[in-house]
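Student: I am new to this structure and would like a close look at a single part of it. Could you take me through the backbone and what surrounds it with some care?

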Amino acid sequence: MSEIQPPVVRPRRLRTTAAMRELVAETTLRPRQLVLPLFVREGLTEPQPITSMPGVVQHSRESLLKAVTEAAEAGIKGVMLFGVPETKDAVGSGALDPGGILNVAIREVAAEVGDAVVVMGDLCLDEFTDHGHCGVLAADGRVDNDATLAAYADMAIAQAEAGVDLVGPSGMMDGQVAVIRAALDAVGHTDTGILAYGAKYASAFFGPFREAVDSSLEGDRRTYQQDPRNALEGVREAVMDVEQGADMVMVKPALAYLDVLRQVRDAVDVPVAAYNVSGEYAMVEAAAAHGWIDRDAAILETLTAIRRAGADVILTYWATEAAGLLR
Ligand code: PBG
């Protein structure tokens, strides 16, 4: 053995015991920082499994209330609701209808757990349109930005009337936050907030979500969702959303965009959320089902990494379960 000069600086001292590691840990992960996304499908009497998201279901109205109650009891502070209507049409009428599945669910969830959790609604047309796009189409088949904004304004009002705390515009139309803010204010819903999907990428990791909402989309969303090669653009859009009145902004997906998440966190002064999306969930679940990965450890490491990168709030399908692991 050759003579070596022993190190004077020994970072391992701070890792010697569990207590020491607890004392110096930089990142917290608490149930209160988690939001549970939930799907509710019109006409169901029993919850229906989503094949590509093992453990996640399309809820009936009844099972939805059970799930939000469990989430609230676990200490989760938010739920994000997605509605799957029985019938879809070209303009997504079901999204605007006060009797539509999403608005009905918002009303029921707000009545059940509205004091304990923040109730959020996805504000987008894709679950309600027969073509599966996030907006209405122009004659040439392209998504018509400004016609879509009019629909978003009405959808925001419908959700606010139903009792939502935060609307979550996820369609990436230009100017959507300003239009929604003005529409809500004009009818007196000044306390209804906006969680804007500031940086949302055209991502393969949304794959399983399309099954979750029975999406009929053909083609892709690249004319409105962002190009995965662009980080500056993501920051710019998040900043624009804050300027337009967003109360919180989101980066989505999370794992492949942790750099964007960090940059957005540094660029804005409102809470930043990150969405640990369906494909990220499916990858861990699939690997764990094969015994290739320690599932619980992978879940906590994933959520911790998203917090470390800058998320104040994380939307994750593991929210209720992770809260249990964190007890
Ligand atoms: C749009 C919306 C999508 C997701 C959340 N909101 C789908 C899309 O943009 O294609 C994806 C969420 C996930 O993959 O978990 N309403």
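Student: In which loop does Asp214 lie?

Tutor: In this predicted model, Asp214 lies in the loop between α6, which covers residues 207-212, and α7, which covers residues 232-243. The phi of Asp214 is near 50°, a positive value in a residue other than glycine. As background, most residues other than glycine have a negative phi, and most peptide bonds are trans. With a relative accessibility of 32%, Asp214 counts as partly exposed, because that class runs between 20% and 50%.

A positive phi is also found at Met172, where the value is near 60° and the residue is again other than glycine. Met172 sits in the loop between β6 (166-169) and α5 (176-186), and it counts as buried because its relative accessibility is 6%, where buried means under 20%.

The peptide bond that joins Lys252 and Pro253 is cis, with an omega of about -10°, and Pro253 is found in the loop between β8 (248-252) and α8. Helix α8, made up of residues 258-267, packs against helix α10, residues 295-309, at an angle of about 40°, and their axes are 8 Å apart. The two helices are therefore oblique to each other. On the α8 side, Leu258, Leu261 and Arg262 take part in the contact, and they meet Ala305, Ile306, Arg308 and Ala309 of α10. Of the residues in this contact, five are nonpolar, two are charged and none is polar.

Definitions and conventions: Residues are numbered from 1 along each chain as its sequence is written. This is a predicted model: local features need pLDDT of at least 70, side-chain atom pairs count only at pLDDT 80 or more; totals for chains, interfaces and linings use all residues. Side-chain values use heavy atoms; hydrogens and water are left out. Axes are lines fitted to C-alpha atoms, for helices over the stretch in contact, and angles run from 0 to 180 degrees between N-to-C directions. Helices (H or I, at least four residues) and strands (E, at least two) are DSSP runs, numbered from the N terminus. Angles under 35 degrees count as roughly parallel, over 145 as roughly antiparallel, 65 to 115 as roughly perpendicular and the rest as oblique. Contact means heavy atoms within 4.5 Å. Ala, Val, Leu, Ile, Met, Phe, Trp, Tyr, Cys and Pro count as nonpolar, Asp, Glu, Lys and Arg as charged, and the others, Gly among them, as polar. Buried means under 20% relative accessible area, exposed over 50%, partly exposed in between (1.4 Å probe, protein chains only).
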